[in-house]
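The sequence and the structure are shown first.

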Amino acid sequence: MENINCQGCGVQIQTSKPKELGYTPSSALTKETVLCQRCFRLKHYNEIQAVSVTDDDFLETVSEIRDTNSLVVHIIDIFDVSGSLVKSLPRITGNNPILLVGNKMDLLPKSTNKRKLMQWLRSSAKDAGINVSDVHLISSVKGHGIDELKEAIETHRDKQDVYVVGTTNVGKSTLINRLIKDSSGLSDVITTSYFPGTTLGFIEIPLDDETALIDTPGIVNKQQIAHYISEQDLKVITPHKEIKPRIYQINSKQTLFFGGLGRLDFVKGDKQSFVCYFSNQLSIHRTKLENADKLYEEHMGELLSPPSQETLEQLPELTESTFRINNEKVDIVFPGLGWVSVDGNVTVTAHSPKGVAVSKRIALI
């Protein structure tokens with residue numbers, strides 16, 4: 001196929017990979033104006049469609065942000081902060097201010113301490129070398145916190161462009177679609193005032209005559225557990241309703257399995273309450289520590305699922321991290337899955353897929 005560029009965002013058109021930049025059906029190539037599917041859906045339906053690129057491609061695509069005067073809005077998933085925080089962000093933003101936006105707050109138990117959560121998100125960003133101007137909690141699906149975020153964007157952007165960045169599966173497209181709907185008030189405003197993107201892979205949504213909200217492709221981060229399981233399994237581990245805590249009274253030398261994607265061994269300490277915050281659909285199994293390895297070997301992908309039998313071979317081997325907790329209430333966080341709240345003087349060992357690192361934080365609840 002000869003090289004054809006999208007007349008909306010300028011990306012090179014391709015017809016074979018629907019989830020990647022530049023995709024359009026072959027039948028669309030005969031039209032006078034050739035648009036990629038993403039631009040087509042924006043123009044005709046006021047809808048941003050998610051596309052993804054690798055971290056390296058993303059850096060190449062958005063490297064010009066550091067040469068602009070703009071605001072960067074970084075969307076992360078509250079349930080997968082380590083996997084959705086873009087560690088390379090300072091390399092591309094330059095001195096531009098960053099708003100950190102934690103999405104999916106509607107899925108947290110109502111007893112979550114929002115102030116603690118915001119402090120933890122800020123410190124997590126700082127540990128990754130990202131200095132943020134402000135932190136906001138939202139639900140792009142339910143609309144919680146959107147008005148406050150819009151006000152913050154207006155304040156911090158200082159009449160400049162706004163770049164929205166994030167990894168795949170964080171709800172970036174849902175947020176942008178909501179902003180389009182809220183800002184237009186009508187369903188066809190973007191259609192009539194459609195502005196093409198100026199750079200490969202960007203989509204520009206006008207904010208006024210001079211500036212735009214600029215959507216960037218979602219970044220594929222292989223540290224996210226979502227990349228090792230099927231779409232069906234992803235629906236199981238991703239909460240769709242407010243998480244209901246599940247409490248287990250655990251003796252030392254017992255183990256909890258979270259499907260087959262995570263495991264927590266109670267190595268040492270007095271009998272404890274382990275409070276588990278995971279998708280309500282994810283099964284949790286308790287067994288004796290001495291039986292845990294055998295159970296995993298014999299029932300992985302069946303009793304211990306997800307992963308399913310189909311995606312079993314995709315999953316990296318489980319690696320261990322041991323945490324000694326000295327009379328404090330902490331969360332043991334399994335990225336992309338959830339967390340277990342433990343209180344007391346205990347030693348636990350967490351098992352997670354290699355590259356998807358478990359961490360400890362001060363308890364949010």
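Predicted model: local features only at pLDDT ≥ 70, side-chain atom pairs only at ≥ 80, totals over all residues.

A search of the whole structure identifies 7 aromatic pairs. One of them joins Phe258 and Phe278, whose rings are stacked, with a centre-to-centre distance of 4.4 Å and an angle of 20 degrees between the planes. Phe258 belongs to strand 10 (residues 254-258) and Phe278 to strand 12 (residues 272-278), so the pair ties together parts that are 20 residues apart in sequence. Both Phe258 and Phe278 are buried.

Tyr277 and Trp339 also form a stacked pair, with ring centres 5.2 Å apart and planes at 20 degrees. This pair links distant parts of the chain, Tyr277 in strand 12 and Trp339 in strand 15 (residues 338-353), 62 residues apart. Tyr277 counts as buried because its relative accessibility is 6%; Trp339 is likewise buried, at 3%. Together with Phe79, Tyr277 and Trp339 make up one aromatic cluster.

The structure contains 14 salt bridges. In one of these, the side chains of Asp215 and Arg38 meet at 2.6 Å, N to O. Asp215 lies in strand 7 (residues 212-215) and Arg38 in helix 1, so the contact ties together parts that are 177 residues apart in sequence.

Ile205 is part of strand 6 (residues 203-206) and counts as buried, at 4% relative accessibility.

Arg263 and Asp293 form a salt bridge of 2.9 Å, N to O. The two partners are 30 residues apart, Arg263 in strand 11 (residues 262-268) and Asp293 in helix 10 (residues 289-299). Arg263 is buried, with a relative accessible area of 7%, whereas Asp293 is partly exposed, at 47%.

Lys19 and Glu231 form another salt bridge, their closest N and O atoms being 2.9 Å apart. Lys19 lies in the segment before helix 1 (37-45) and Glu231 in helix 9 (residues 231-237), 212 residues apart. Lys19 counts as exposed, at 58% relative accessibility, and Glu231 also counts as exposed, at 55%.

## Negative surface patch

Asp55, Asp56, Asp57 and Glu60 form a negative surface patch. Within this group, Asp55 lies in helix 2 (residues 55-62) and counts as partly exposed, at 33% relative accessibility.

How values were computed: Residues numbered from 1 in each chain as written. Heavy atoms only, no water. Patch = residues over 30% accessible without salt bridge, like charges linked within 9 Å, V, L, I, M, F, W, Y side chains within 5 Å. Areas by Shrake-Rupley, 256 points an atom, 1.4 Å probe, with all protein chains shown as cover. Salt bridge = Lys/Arg side-chain N within 4 Å of Asp/Glu carboxyl O. Lys, Arg positive; Asp, Glu negative; His and termini not counted. Charge placed at Lys NZ, Arg CZ, Asp CG, Glu CD. Helix = DSSP H or I, 4+ residues; strand = E, 2+ residues; numbered from the N terminus. Buried < 20%, exposed > 50% of the residue type's maximum accessible area, 1.4 Å probe, protein only. Phe/Tyr/Trp six-rings, centres within 6.5 Å; stacked < 30°, edge-to-face > 60°.
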